[in-house]
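Biologist: I am new to this structure and would like to learn how to read it. Could we look at it together?

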Amino acid sequence: MPLYGLLTSKEDPVPLRSGSVAVLVRGFVADVACELRYRNEEPGPVEAVFVFPLDAEAAVYAFQAQLGGTRVEAQLREKEQARELYGDALAGGQTSFLLEEAGGDVFSCSLGNLPPGAEAALTLRYVCELPREPDGAARFVLPIVLRPRYAPQGWAGEDVIQGVPRAPPGELPYTLSLSATLESPHGVERVVSNCPLTPLSYSGGGRSSAQVSLAEQPPWDRDVELLVYYTEPHKPSAVLEAGLPGAEPGSLMGDPAVMVTLLPKLPEAGPGRSSAGEFIFLLDRSGSMDCAMDDRADSPPRIESAKETLVLLLKSLPLGCYFNIYGFGSEFESFYPQSVEYTQQTMAESLQRVQRLHADLGGTEILAPLRAIYRSPGRNGHPRQLFVFTDGEVCDTQDVIGEVQRHRGSHRCFSFGIGEGASTALIKGVARAGGGSAEFITGQDRMQPKALQSLKRALQPAVSGVALSWDLPPGMEAALLGPAPEVIFPGQRCLVYAQLRGQPQPPDAASGSVTLQYRIQEQSYKETLAFPLQPQAGDRLPVHRLAAKALLLELEGAVSAGAEGERRRALEASLSSGVVCSLTAYVGVDPAQGQLVQGPLLRRDVPLAGARPRMKMAFASRCVAMPQSLFFGQAAARSAPGLPTRRFFSSRPMAQCQAFDSLAVDCDVDFDSEGSLDASPTNGSPPEAAPPPEQASPLLRLVSLQNADGSWDLGPPLAAALGVSETDARGRKPSEDVAPGVWATVLAVVWLHGRAAGQRDEWELLEAKAVDWVRDQAGPQLTKCLEAANALLGCSVGPAVFGL
């Protein structure tokens with residue numbers, strides 16, 4: 001018999017033929033149907049197993065199969081019961097299928113006893129919220145990249161990804177198609193994608209509905225993204241949805257459910273004016289951080305983009321705050337034993353060390369550094385803000401989220417997922433548990449503006465006294481589904497799900513309302529949104545599914561901790577809503593099959609696209625032969641005076657690290673003349689800020705020269721960064737009475753506004769420091785300085801920049 005398509009490592013044919021996706025995007029909610037088509041080309045029955053990613057907050061609510069001419073609806077059961085039914089069916093020769101969550105944002109789809117020559121189509125449906133981009137776009141992501149999850153030493157959980165065959169993206173034997181219908185009463189303006197699309201086709205009046213499809217097969221090394229732009233995206237809204245017909249009144253699915261989107265107009269304090277805060281930056285330095293940010297030939301490695309981001313973050317911190325930087329992999333280290341005060345010296349020391357960071361710490365073990373951070377004492381009057389940067393995919397995601405959850409009262413956590421395939425369960429989970437926000441950097445996104453936007457949020461005054469109140473007709477009450485809002489940031493939406501119980505009096509009551517109240521520095525604010533009480537009818541019930549998912553995510557932590565009452569509540573919510581969770585699974589058995597499938601059952605794991613081999617491999621191959629003392633002994637403790645080093649190491653050899661992270665380690669290590677590891681400079685003088693590399697961006701070259709207090713020094717490096725001669729930089733100073741630092745700082749601020757306006761999100765905070773400093777120092781000469789700086793640099797920056 002001829003062999004078809006790509007073969008696994010055992011030269012077995014792959015039964016998956018194609019995948020097709022149909023998505024309906026209504027505003028900021030997407031309802032998705034994914035169909036997987038299988039055909040068994042072998043002489044005996046097979047069990048096909050396909051592991052794939054989904055967003056951790058997606059609500060999978062339906063699963064069915066078309067087996068020959070028979071349609072089989074799956075039933076949602078408790079997971080162990082579903083597995084038993086599936087196993088019994090396989091043992092009895094019946095065709096069966098199983099869908100289960102296998103790690104927060106990973107699902108496993110198994111189709112067993114597929115007869116020779118038979119075809120099957122499995123369809124799953126899910127609904128998900130769409131994030132609102134800063135420019136107002138709704139961002140839909142179809143995840144297709146699934147990288148191996150790193151399993152720490154001693155981890156005893158299940159890892160369905162381990163052992164799944166990998167293949168070069170261009171050699172996968174199955175295809176993918178996607179079609180999208182876009183609807184909005186305010187009109188669809190345009191769609192942008194990271195993959196080629198067909199022209200946008202409108203249907204209906206007022207551009208309220210449109211269709212678009214992929215124009216060709218997508219690259220398998222990136223997720224498929226659609227950015228949908230509407231005419232009026234920044235409006236609060238409420239969607240009231242009728243319950244499921246026939247469901248018991250008072251139950252989750254029997255009552256109407258409402259989804260409220262509020263956009264609070266928070267007053268922003270001036271950026272950079274507060275000195276309070278302890279800022280801890282936790283950076284992934286595992287081997288996979290040596291991968292490129294995207295597929296462009298000149299794309300920088302992730303670790304280099306992260307280092308540039310750290311430079312901007314360090315320059316943007318306010319004087320008087322405290323900070324520390326941790327790096328983690330299979331081991332972890334921190335710049336300082338405890339957070340240090342932000343001064344010119346500590347900033348300069350840290351910048352030097354940032355320049356020497358590499359993706360050289362092995363695998364991805366985030367739990368140990370988190371515990372070390374939480375054990376370190378906090379600073380009184382300086383609320384702790386934790387920033388986590390990782391491209392990681394770990395098996396112990398729930399343990400990590402639980403650790404953040406246990407310390408949520410003492411800090412906020414902002415998380416950043418870097419690159420395609422970053423775990424949405426991990427990134428969104430720690431941000432949700434830590435009262436912060438989550439960002440994803442994919443494709444040609446820049447890490448810097450997203451990180452600086454989060455720092456800007458962290459510097460804002462804390463919002464307190466957050467409360468929701470409902471104004472409903474007599475006889476009705478609202479019960480929240482999922483957590484009440486606890487944290488509100490400027491520019492972010494606030495989503496609320498609630499179940500409306502009872503019957504309004506009078507029955508024809510027209511409307512209700514919800515009010516969000518909060519305080520900022522003793523000033524009270526409130527936002528009220530009215531909504532009609534005539535619910536929308538439909539068969540997919542996206543609001544109910546999303547509400548159930550929000551509730552299940554809230555209960556997940558308590559379930560992991562062994563709370564039996566919350567486990568029963570989660571199980572009931574999952575089974576009644578049809579939304580699968582870690583406790584349940586979909587199982588389907590074809591009872592009408594006339595003849596049992598005969599023959600030994602062979603398992604066929606469907607291969608995934610392999611990671612691009614763009615990492616350095618020499619370190620792992622050498623570390624087996626090198627004595628551990630070379631890396632873990634006294635050489636690692638050598639550091640310059642004034643640059644304290646704190647290192648913590650895994651007890652196992654590097655060769656035992658699991659997954660490809662442990663093999664993808666950069667071997668960029670310097671050795672001194674005695675063959676020891678040279679980790680840092682040896683002079684005892686306070687370090688200068690590391691000079692910006694020539695290949696650095698013009699903005700980074702200028703920013704690298706800024707002092708901790710916000711000022712710049714007048715000299716050759718500044719002149720070169722501004723693109724002028726040193727003679728002009730000194731000679732065009734408007735008066736001898738003007739201090740060189742004042743003139744230099746005015747020049748730098750004018751350059752930022754005139755030459756880097758498009759990157760404002762990246763320099764806004766550090767520019768605020770500069771303006772504060774120069775206003776305190778310049779006196780009446782500031783106007784003349786501004787005029788002279790505009791003339792020298794050819795800019796036209798207005799006096800309002802300096803508050804004139």
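Biologist: How many nonpolar, polar and charged residues does the lining of the second largest pocket have?

Modeller: This is a predicted model, in which local features need pLDDT of at least 70 and side-chain atom pairs pLDDT 80 or more, while totals for chains, interfaces and linings use all residues. Residues are numbered from 1 along each chain as its sequence is written, and side-chain values use heavy atoms, without hydrogens and water. Now the lining of the second largest pocket: 21 residues are nonpolar, 8 polar and 11 charged. Here Ala, Val, Leu, Ile, Met, Phe, Trp, Tyr, Cys and Pro count as nonpolar, Asp, Glu, Lys and Arg as charged, and the others, Gly among them, as polar.

Biologist: What volume does the second largest pocket have, and which residues are closest to its centre?

Modeller: On a 1 Å grid over the protein atoms alone, a pocket is an open set of points with protein on both sides within 12 Å along at least five of seven lines, a cavity is a set where a 1.4 Å probe fits but cannot get out, and lining residues have an atom within 4 Å of a point. Points are joined across faces, edges and corners, and the volume is the space filled by probe spheres set on them. For the second largest pocket that volume is about 960 Å³. Its lining has 40 residues, and Arg 26, Gly 27, Val 239, Met 259 and Gln 536 are the closest to the centre.

Biologist: Which elements give two or more residues to that lining?

Modeller: Helices (H or I, at least four residues) and strands (E, at least two) are DSSP runs numbered from the N terminus. For the second largest pocket, the elements giving two or more residues are strands E1 (16-26), E2 (29-39), E17 (237-241), E18 (257-262) and E30 (523-532), together with helix H8 (542-560). E17 gives the most, with 5 residues.

Biologist: How many cavities of 30 Å³ or more are there, and what lines the largest cavity?

Modeller: The count is 5 cavities of 30 Å³ or more. The largest cavity has a volume of about 340 Å³. Its lining has 26 residues, and Leu 36, Phe 50, Phe 52, Pro 143 and Ile 144 lie nearest the centre. Elements that give two or more residues to this lining include strand E3 (46-53) and strand E9 (119-129), while E1 gives the most, with 5 residues. By class, the lining of the largest cavity has 21 nonpolar, 4 polar and 1 charged residues.

Biologist: How do I read helix packing, say for H2 and H17?

Modeller: Two packed helices are described by the angle between their axes and the distance between the axes. The axes are lines fitted to C-alpha atoms, for helices over the stretch in contact, and the angles run from 0 to 180 degrees between N-to-C directions. H2 (residues 302-316) and H17 (residues 760-778) pack at about 30 degrees, with axes 8 Å apart. H2 and H17 are therefore roughly parallel; angles under 35 degrees get that name, over 145 is roughly antiparallel, 65 to 115 roughly perpendicular and the rest oblique. In H2, Leu 312, Lys 315 and Ser 316 meet Glu 762, Leu 765, Leu 766 and Lys 769 of H17, contact meaning heavy atoms within 4.5 Å. These contact residues divide into 3 nonpolar, 1 polar and 3 charged.

Biologist: At what angle do H7 and H17 cross?

Modeller: The axes of H7 (residues 447-459) and H17 cross at roughly 40 degrees and come within 8 Å. H7 and H17 are therefore oblique to each other. Residues of H7 in the contact include Leu 452 and Leu 455, and those of H17 include Asp 761 and Leu 765. The contact has 5 nonpolar, 1 polar and 4 charged residues.

Biologist: Where are the backbone features to look at?

Modeller: A cis peptide bond, with omega about 0 degrees, joins Gln 505 and Pro 506. Pro 506 lies in the loop between strands E28 (494-502) and E29 (511-520). Asn 113, a residue other than glycine, has a positive phi near 60 degrees, and Asn 113 is placed in strand E8 (residues 106-114).
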